[in-house]
Amino acid sequence: MIPKLHWLKTIRGQLMLGFGGILLLNLISAVIIYGTLQHFRHRAQGTIDYAARVRELSLELKSNFLLARKAEDHLLDNWQLKKVSPEIQNAINSQENYLTQARQNLSAIQTLHRKNSDIKEELTILESLFNNYEAAFQGTAKRVIAHDEGYQLHQKLQTLINQFVNDRNRVRNRTIERLLWEAIAEQQKYFQTNKQGSPTDLRVSLEQLQTALKNNPTNTPIQQLAQDYATTLDTLLSLEQQVLFNQIVAENINREIDGILQVISQKSKTQAEQARLELIRTGNYSRLALLATLTTTLGLTLWVSLWLGKTIVQPLTQLTKVSDRIAQGSLEEKLNFSTDNEFAIVATAFNKMLTQLRETLINLEQRVTERTQALQAKTESLEITLRKLRLSEANYHELINNLQAGVIIYNPEGNIIMANLVGWELLDISCESLSVSSSSGIGIKLIDESGVVLPRDERPCQQVLRTQVPLENYVMGIQRNPSVDPIWTLVNAFPSFDEQNRLTQVVVLLLDITDRKLAEEQLRYRALHDALTGLPNRTLLTERLDHAIQRHKRYAESLFAVLFIDLDRFKVINDSLGHFVGDQLLIYIANTLKHHVRSGDTVARLGGDEFVILLEDISSPHEVIQVIERIEEDMKKPVQLMDKTLFTSASIGIAMSSPEYATGEDILRDADNAMYRAKGNNLASYELFNVEMRQTVQEIFELETSLRQALEEQQFILHYQPIVSASSLKLLGFEALVRWVHPEKGLISPGKFIPLAEETGLIVPLSEWIFQEACGQMAQWCADFPMAHSLKISVNIAAYHFQSPQFLETINQTLAQTKLLANHLKLELTESLLIKNTDRVLSLLPQLQKQGIEISLDDFGTGYSSLNYLKQFPINTLKIDKSFVDGLDYNYNQADVSIIKAIIDIAQSLGMNVVAEGVETNFQLKQLQELKCEAIQGYLIARPLTSQEATKLINHQLLEIRQQLNT
C-alpha cells in the first residue's frame, strides 16, 4: 500500500505551484500586450483595407469604362464599314454590359465613402460624368440602330452603276451625270479613305446634285435612282456628323473620369501610408512590453531550476548507482532516502522489486531442469521417426523400380548415381558394375532420329548440365547391337537445384516408344507410296527429284533423266474389262518397269495410268534410249490376266537433267509435255523434251491469257467471204469468218485460236459475239440495200455453243435485237457435231427450219460422212470441202471429180443446195459449172472482206443490176 502525501509535499504539487505562478504572470502580461496591439492593429488595418479596396474598385471602374469605350469604337467601326445590323447590336450589348459593371464599381465606392468623407465631392462629379456619357451614347446607339443608310447607300450606289452600264438607250443628262459622279467620288474619298476627304466638299457636291435634280424633274429610272442615292447620302452625312460630335463629348468625359479616379486613388494611398506608420509604432511598443515580460520569466525559471536540482537530481543519481550494481549481479542492494516525497515511495517499491526478482530466479532454475528432461523424451521420438523415414525410402525405391519408364539420376559431374530396373535394362548395364559410373562409359550407342551417333555433349544429360534447362520430348535411339534394330525412346530430362540455386542432380526419364516409332514409319511409308503398286507416289518422287537436281548443281557430271510414261488406251481396258483387271494390269506394268531399272533408280506412280522413272548416274542420253527400248519390247508382249489376253503400249516423254531446273516439279512438267508430244505423234512412241516444246506450251498459255483479254476488250472483227451463183456469179450471200486483231501480234487466223477457245470453253461467249455481230451487219445491209433482201449470212456454229441449253433462246433474242428476219440466216454445222449430238440435232434443227433459218452441212466428205445422215437430218445445203475442189482435173484426179459429181447428184435428189468451197482458178469454176454445182466461194471470187469492203461489193452488184435494167 503506497502512503498518500499532502499535495504541497509532493514534487508535482511544488512544480505546479512554481510554474503556475510563472504562467499566471506571463498570462496577465500577454493579455495586456495583446489587447493593446489588437486595438491599434485593427484600426490601422481597417484604414489600409479601405484604401486598397477604393483603389481596386477605381481600377476596375477605369478598366470597365475603357472596355465600354472600346465597344463603342467597335460599334462605330462596324457602322462606318457598313456591316450588317447583328454586328452593331452585339457591340451595343457589349458596351451596355461594361457600363453596367462600371456603375456597380461606382456604387461600391460610394458605399465605402460613407466611412470616409474625404472623396465625397469627387464621387458626385464622377456620377454626373457617367450620366452625361450614357445619355450621349444612348442617343448615338439609337440613331445607328434605327438607320441603316450606310448599307442602303452601298446597295443604291451599286444599283445606280449597274443601271448606267445596262441602260445604253437612255436619254442622257450630262449635267446630272457629272454632278452624280462628282458626288460619288467625294463620297468614296470621304467614307472609304479614312476620312481623308473634306465633309464640306462632299456637302457642296451633294447640294449641287440635289439642286440639279430639282431643276430637271424627270421620271427616268436613273433619275429616280440618283434622287434616292442623294437622299440617303444626305441622311448618312448628318448622322456621321452627330456621331463625330458624340465621340468628341465621350473623349472629354473620359479624360475627366480619369482625372477624378487619379485624385481618389491618391487620397486612398495617403490614408494607407498613415495607417502603416501607426501600425509600426504599435509594434515597437509591443516589443518593449514583451522584453520586460521575458526578463521576469527568466528570473523565475532560474530559481525553479535550482530547486529542482536539489529535490529531484540527487535522488535520481543514487537510484542510477544502485541499478548498475544490481545489473552486475548484486541483488542485495537497497535504497534509503531521507526525504518524505515521492522518491521515498519509489525506494520502497524498488526494494520490494529486488526481493521478488530473487524469488523469480529460484523458480527459473527449477523450470530449466524440467525442460531438460522433456528434451530427452523428444530425442527418443525423433529416432523412431528416422526409422519410419528409412522404411518410406525403401517404398520409394520399390515404386520407382515398378515404373514402366526408365528413371536415371546423374550427379553434377554427369555420373549415374541411381537408376530403376527399367533404366538399367534400357542401358544394358547392371547396378553391380557401376559404383560411380560415367554415362560415357556404357557400351551402347545413342543415336538421333536420323541414325547419327550422338556425341557426348549432345546426350540428354550433358545438354541439361550445359544449359541447366529441362529437355522435353526428345526422341533418341539406343543401339545395343548393330545387327539388331535400335530401341527408340522418348526422353525427358530436368535439373534439380538446392536452396542456393546450385544444380544437385539431373533426372532423366526414358519411355520406350519403339512400337509407336514403327507405326509412324509404316504411316510414312503409306503416305509416300502408292497403295496399289507399292511404288513411290508423287510426294516421294518430288523429294528424290529435288535431291537429284541439287546434286547435279553441285556435281555437273552427275547426270539423270526423267521418263514420264502414260499407257495407251488404258481407259478402254478399264471400261470394257472392269477396274479389277485394270488394277492387275497396272501392277504388272509396275513390276515390268522395276525389272528394267537399277536399285538406285526410282519407279513411281503418279496416279491412273501415269508412271515416272528417275534414272540417276547415267552417262549419256543413249543409255536412256536403251532402257526405253527394253521397256517397249516387254510391253509389246501379250499379257494374260483373268483368262484375258491383253496388248498394251505406252507413250514416253523424256527430260534430261539441266542446271536450269530449280525444283522437281519443273522437270516433271517438261517430261509430261514431251509425253503428250509423243502421244500425238503416230511415228514414235517416245519424245525427248527440248526448249521448243516449252516455248510452244508457253505460247499456248500466253495465247489463252490473251484470248480471255481479247474477249473483254473486243479485239475480234468479222470478215465476210462472198458466196455467188456458179452460173451467173450473182451474189447470194456471205459466210462470216472471225479474225483476231492482236495489239502486238497483228491478225491471228482462226486455226490458231479456235481450237484453244473450244478447249478452254471460251468458244461459247466468242460464238455469241460472232452471231450478234453477223446478224447486226446483215440487218444493216437489208436496211441500206433493197437487193440485200435476197442475201443470206452463214454463221458457223461451234459444238459447245450448240450444246448450250440457251442456244435456241440466244438465236431468237439476237434476231429480235438486231431486227433481222430469220430467212436471211443460215447456220453451218460440222459432221462431228451431228454425230455427237444426234438427239439434240433432231430436236433443234426442225425448230430452226420452222422459223425460216436454213441449215448447212460444212466440209461434207471430210469426216464420218454417211448417206444416212443426209436422209435423217433436216439439211438445206451441202458444202463441198476445198480438198475435193483442189483435185478437179480430168487428166490427173478423176476420183475427186467423181466424188464431187456424186455429192451434187445426191444433194439435188434430196432437194438440197450445193456450195463448193475453196474455188481459186477459172478451170475449177468451169468444171463446177459443168457438174451443175449451184454456188461457189473462194479466192477466185474474193478473199474474206471487211464489212466496208463487203458493203462496196453489194453496192457494185446493185449498180451492175441497174445498168443491165437500163440497157
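Asp568 is buried, with a relative accessible area of 15%; buried stands for under 20%, exposed for over 50% and partly exposed for the range in between, using a 1.4 Å probe and protein chains only. Before we look further, note that this is a predicted model, in which local features need pLDDT of at least 70, side-chain atom pairs count only at pLDDT 80 or more, and totals for chains, interfaces and linings use all residues. Residues are numbered from 1 along each chain as its sequence is written, and side-chain values use heavy atoms, with hydrogens and water left out.

**Two residues to start with**

Asp568 sits in the loop between β8 (559–567) and α13 (570–577). Helices (H or I, at least four residues) and strands (E, at least two) are DSSP runs, numbered from the N terminus. The side chains of Asp568 and Lys679 are joined by a polar contact of 2.9 Å, that is, a pair of N or O atoms within 3.5 Å, where within protein one must be able to donate a hydrogen and the other to accept it, and residues adjacent in sequence count only if both atoms are side-chain atoms.

Gln505 belongs to strand β7 (residues 503–512). Between Gln505 and Tyr410 there are 5.5 Å in space, C-alpha to C-alpha, although they are 95 residues apart in sequence.

| Residue | Relative accessible area | Residues touched |
|---|---|---|
| Asp568 | 15%, buried | Thr648, Ser649, Ala650, Ser651, Lys679 |
| Gln505 | 25%, partly exposed | Ile409, Tyr410, Ile417, Phe494, Pro495, Ser496 |

**The nonpolar cores**

A nonpolar core is a set of buried Ala, Val, Leu, Ile, Met, Phe, Trp, Tyr and Cys residues joined through side-chain atoms within 4.5 Å. The largest one has 83 residues, and Phe716, Leu825 and Leu827 have the most contacts inside it. Helix α19 (residues 763–784) gives the most to this core, with 11 residues. A second, separate core of 30 residues includes Ala590, Ile613, Leu615 and Leu646.

Leaving aside neighbours within four places in sequence, the contacts of Leu827 include Phe771, Val795, Phe807 and Ile811.

**Where two helices meet**

The axes of α19 and helix α21 (residues 807–818) come within 9 Å and cross at roughly 35°; axes are lines fitted to C-alpha atoms, for helices over the stretch in contact, with angles from 0 to 180 degrees between N-to-C directions. Among the residues that meet are Phe771 and Cys775 in α19, and Ile811 and Leu815 in α21.

Conventions
Contact = heavy atoms within 4.5 Å.
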